[in-house]
Amino acid sequence: MSNIQNITTLGQLKASGYKSESVKDELRRNLITQLKKKEEGGFEGIIGFEDTVIPDLQTAILSRHNILLLGLRGQAKTRIARLLVNLLDEYVPYIEESELFDDPLNPISWFGHNIVQEKGDDTPIAWIHRSERYTEKLATPDVTVADLIGDVDPIKAATMKLTYSDERVIHFGLIPRAHRGIFVINELPDLQARIQVSLFNILQERDIQIRGFKLRLPLDIQFVFTANPEDYTNRGSIVTPLKDRIESQILTHYPRSVEISRKITQQEASLTPEQKVAVEADGLVKDLVEQIAFEARNSEYIDKKSGVSARLTIAAYENLISNAERRMIINHESNTFVRVSDFLGVIPAITGKIELVYEGELEGPAKVANILIGKAIKTLLLKYFPDPEKAKKSKAPNPYSEIVAWFADGNTLSVLDDLSAVAYKNALNSVPGLKALIKKFHPSLTENQQLLLMEFILHGLAEFSQLSKGFLDNGFAFSDMFNSLFNLQPDDDDLDLDDDRY
């Protein structure tokens, strides 16, 4: 239909040939249209679920099912639920001033029935956009049946001079007001069991029960629930009869590769236009950010059942860029690039997003964060350079020998947070063999990429226990492994090998 919003009465709507359709049939019809056109099915921006979650979701929609998205935190469950709106028609008609957005051809409320009976084809209608047909409620322990379903409103009864047996005294809750739309309950297990029970009839028989009212409202709603599987034991559970009434349960998951995780982070990270122009971030540091999350999900210090949210890498990347930007501002420079030493700035983004087990609590969140960063560096070093341990044992010339020998002669190197570009370059170039190593394995790099890899080598050698890396208040200090173990001076206040600045 063209110019549908020019239709303002029930008679005009009938004359246009409009037919009523349930919200689930509407979602199904629009999904079929998108699938035939080989479009993304309304789920643009969801990365990594193309072969797993999205096909299951599309199957559930084609089956006209209510849906439970089950997965650990930070797995885009709410994002997916909100994108379902894209599968609704852009506009649908409703009886003007109806609080339940009654279908003009199939009203369900007292107001809807009454006005159609009274005005017939002259019943005024309006049009509602799909963005207004989405309702979301975060399940919390204080949610009541009145919030979701409704309750008797004594003020309305007194004002309108109605008895409590009159349907018009009911104040409808969120679910009836979501009629002809999508209703999402986030973190379903947090809903008290008695509140979950109140959803039984709505899901199965499509009616509601409010106090003593004998009321049947054939509500037309697409329900979507989200839940964390760990909630079944931690905070609550989904009562079995309710689970039985939710036809499709779809499992979500974390990105299965660094490449997919990196795409998500780059899509979601909130950077200013100035940061995008002034701060260069090489692919290495982007991969390091993602590798931290992968290391965290396999760490013995972190509760695997709790999960490591994708929000960790997004927040960490934002901090990484901002840490480099801060140094650039302090040094009055017009541009800069992210260094490995900038990863000190991502620790606050990690510590609040990991749930530690007992062993992790003993170490402390900041120490665990540093361990994760170190493991990420160690993992990625092997993708760029030979294994230092194998090189040390090999009969072939060791590519790292000149670097390690320089530190073995008693030399140290400090890489501070706020080093200017010139000072940073001079510091790294002072280590014999470091630049030559980069040119040998990666000959076609820009100067910034060379400097980044030069620092990366030092951190990597420290992770392979061939150099010592100490934490300063504002950076790192590299020295020989054995000298640092046997020749530490008691009055050496600057170099603290055990504690970091957090």
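**Exercise 1. Classify two ring pairs.**
This structure holds eight aromatic pairs. It's a predicted model, where local features need pLDDT of at least 70, side-chain atom pairs count only at pLDDT 80 or more, and totals for chains, interfaces and linings use all residues. Residues are numbered from 1 along each chain as its sequence is written, and side-chain values use heavy atoms, with hydrogens and water left out. Work out which kind of pair Y94 and F101 form, then do likewise for F223 and F225.

*Solution.* 
- Step 1: grab the cut-offs. Rings of Phe, Tyr and Trp (its six-membered ring) pair if their centres lie within 6.5 Å; planes under 30 degrees apart are stacked, over 60 edge-to-face, and the rest tilted.
- Step 2: Y94 and F101 sit 5.0 Å centre to centre with 75° between the planes, which makes the pair edge-to-face.
- Step 3: check burial. With a 1.4 Å probe and protein chains only, buried means under 20% relative accessible area, exposed over 50%, and partly exposed in between. Y94 has 14% relative accessibility, so it counts as buried. F101, at 23%, counts as partly exposed.
- Step 4: F223 and F225 are stacked, at 5.8 Å centre to centre and 5° between the planes. Both F223 and F225 are buried, and together with F183 they form one aromatic cluster.

**Exercise 2. Trace the neighbours of β14.**
Which strands pair with β14, and how many of its residues are buried?

*Solution.* 
- Step 1: strands (E, at least two residues) are DSSP runs, numbered from the N terminus, and two of them pair if DSSP finds at least two bridges between them.
- Step 2: β12 (residues 413-416) pairs with β14 in the antiparallel sense over four bridges. Here L416 stands opposite G475.
- Step 3: β13 (residues 467-472) also runs antiparallel to β14, joined by six bridges, with K469 opposite F478. β13 and β14 form a hairpin with two residues between them.
- Step 4: six of the six residues of β14 (residues 475-480) are buried, so the strand is largely enclosed by the rest of the structure.
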